[in-house]
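Biologist: I'm new to this one. Can you put it up and take me through it?
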Amino acid sequence: MATLLLPCDCSSSALLAVRHAVDAFRRGDVLMVHLLNVQPPFSAYVARHVGRELRADFHRERADEALAEARRMLEAAGVPYRVHTEIGDKARCIADAARQLRCDRIVIGTARKSALVRAVENSLTSRLMECSTVPVEV
């Protein structure tokens, strides 16, 4: 049985990945899900003028909002999970979290785009697949 890292930003694509994880749990393929939300950091200008505690509260509120539906879906299905939040570059934070949490794979939902468009746009999925040492399931 696998441990999954499930990055989620409340987009419809991310929620499809949550449904996929729920289905895998019901089949007996998944033991635990680590639900992750990555928030972008504030610019240096904003960070200079807004206190650390206020910035942390803002990031926490945004992460809670982004994970609310995914948490509801996992709880309704009885899937054991833990919530994690990070601040930084999404691809790097996801790859680092998967390694640190010793996840067997990363399950990520993505919008349907051609390989050419993904390469040109430098998409999150492409960057994650490049920097992750853990298998990425799209």
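Modeller: Start with strands β1 and β4 (residues 105-107), which pair in the parallel sense over two bridges. Pairing takes at least two bridges found by DSSP between two strands. Helices (H or I, at least four residues) and strands (E, at least two) are DSSP runs, numbered from the N terminus.

Biologist: Which residue stands opposite isoleucine 106 in β4?
Modeller: Leucine 5 does.

Biologist: And where do the numbers and the model come from?
Modeller: This is a predicted model, in which local features need pLDDT of at least 70 and side-chain atom pairs count only at pLDDT 80 or more, while totals for chains, interfaces and linings use all residues. Residues are numbered from 1 along each chain as its sequence is written, and side-chain values use heavy atoms, leaving out hydrogens and water.

Biologist: How many bridges join β1 to strand β2?
Modeller: Six, and β1 and β2 (residues 30-39) run parallel. In β2, histidine 34 stands opposite leucine 5. Between β1 and β2 the chain passes through helix α1 (residues 12-27), a right-handed β-α-β crossover. Right-handed means that, with the strands pointing away from the viewer, the path from the first strand over the helix to the second runs clockwise.

Biologist: Is β1 buried or exposed?
Modeller: Six of the six residues of β1 (residues 2-7) are buried, so the strand is largely enclosed by the rest of the structure. Buried means under 20% relative accessible area, exposed over 50%, partly exposed in between (1.4 Å probe, protein chains only).

Biologist: Different topic. Where does cysteine 131 lie?
Modeller: In helix α6 (residues 124-131). Leaving aside neighbours within four places in sequence, cysteine 131 is in contact (heavy atoms within 4.5 Å) with Ala91, Arg92 and Ala95.
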